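Welcome! Let's take a friendly look at how strands line up beside one another in a protein model.

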Amino acid sequence: MKTLRPIFLAAAAIVLLAGSGCANASLDLAAESDPNRVVTGTVNYRSEQPLPPDAEIVVRVIDTASVEQTRTAANRDLPVATRPQSPLPPTVLGEQTIKSPGEAPVPFRVEFTASDALLLHGLNIDVRISAGGRVRFRTVNAHVVTLSSVGTGHEVWVAAVGR
């Protein structure tokens, strides 16, 4: 019985050491890819009438993570009376303005800088179509760009803004 105890302890030590070695072997040591990125795609909208000649489309790649983190921290730490009332603006990483876009779908190409870590949590594509000094269409649902989807074409739909 006494000879089994050292054998059991030795086997347990081997299992623990082998397990910790496997955990270290799975570390991702790949180099960071180039932070200069390009996102492409099309802007789509439904309208019975064509856009007026003075229309313009603004496509932006934005990071809303810092806004959400600040809002979450403020809601947790501050009393109700002192919570911020106005939303914080997102960080704009890249933007393209398309004047007189014509018929949908309208192609876009936005250059921006983002690390792999930033793309791992996701960025948003925000689109606004303005005419006559007023926003007529905008993105309603978040359109997320991640590390795995940044190189693919994106189809972004916008909805009419209520009057």
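Which residue in S4 does Thr 40 stand opposite? Thr 40 faces Arg 109 in S4. Keep in mind that this is a predicted model.

- Strand S1 covers residues 36–44 and is joined to S4 by 8 bridges, with the two strands running antiparallel.
- S4 and S1 belong to an open sheet of 3 strands, whose order is S4-S1-S8 and whose pairing is mixed.
- Strand S4 (106–113) and strand S8 (153–157) are at the edges with a single partner strand each, so one side of each has no neighbour in the sheet.
- On average, and ignoring direction, neighbouring strands of this sheet are turned by 35 degrees against each other.

**The hairpin**
- Strand S5 (residues 123–131) and strand S6 (residues 134–138) run antiparallel and are joined by 4 bridges.
- Across this pairing, Ala 131 stands opposite Arg 134 in S6.
- The hairpin of S5 and S6 has 2 residues between the strands, and Gly 132 takes a positive phi there, near 65 degrees.

**Another partner for S6**
- S6 also pairs with strand S9 (residues 159–160), in the antiparallel sense and over 2 bridges.
- In this pairing, Phe 137 is found opposite Ala 160 in S9.

**A tip for viewing**
- When you look along a regular strand, remember that side chains alternate between the two faces of the sheet.

Methods: Residues are numbered from 1 along each chain as its sequence is written. This is a predicted model: local features need pLDDT of at least 70, side-chain atom pairs count only at pLDDT 80 or more; totals for chains, interfaces and linings use all residues. Side-chain values use heavy atoms; hydrogens and water are left out. Two strands pair if DSSP finds at least two bridges between them. Axes are lines fitted to C-alpha atoms, for helices over the stretch in contact, and angles run from 0 to 180 degrees between N-to-C directions.
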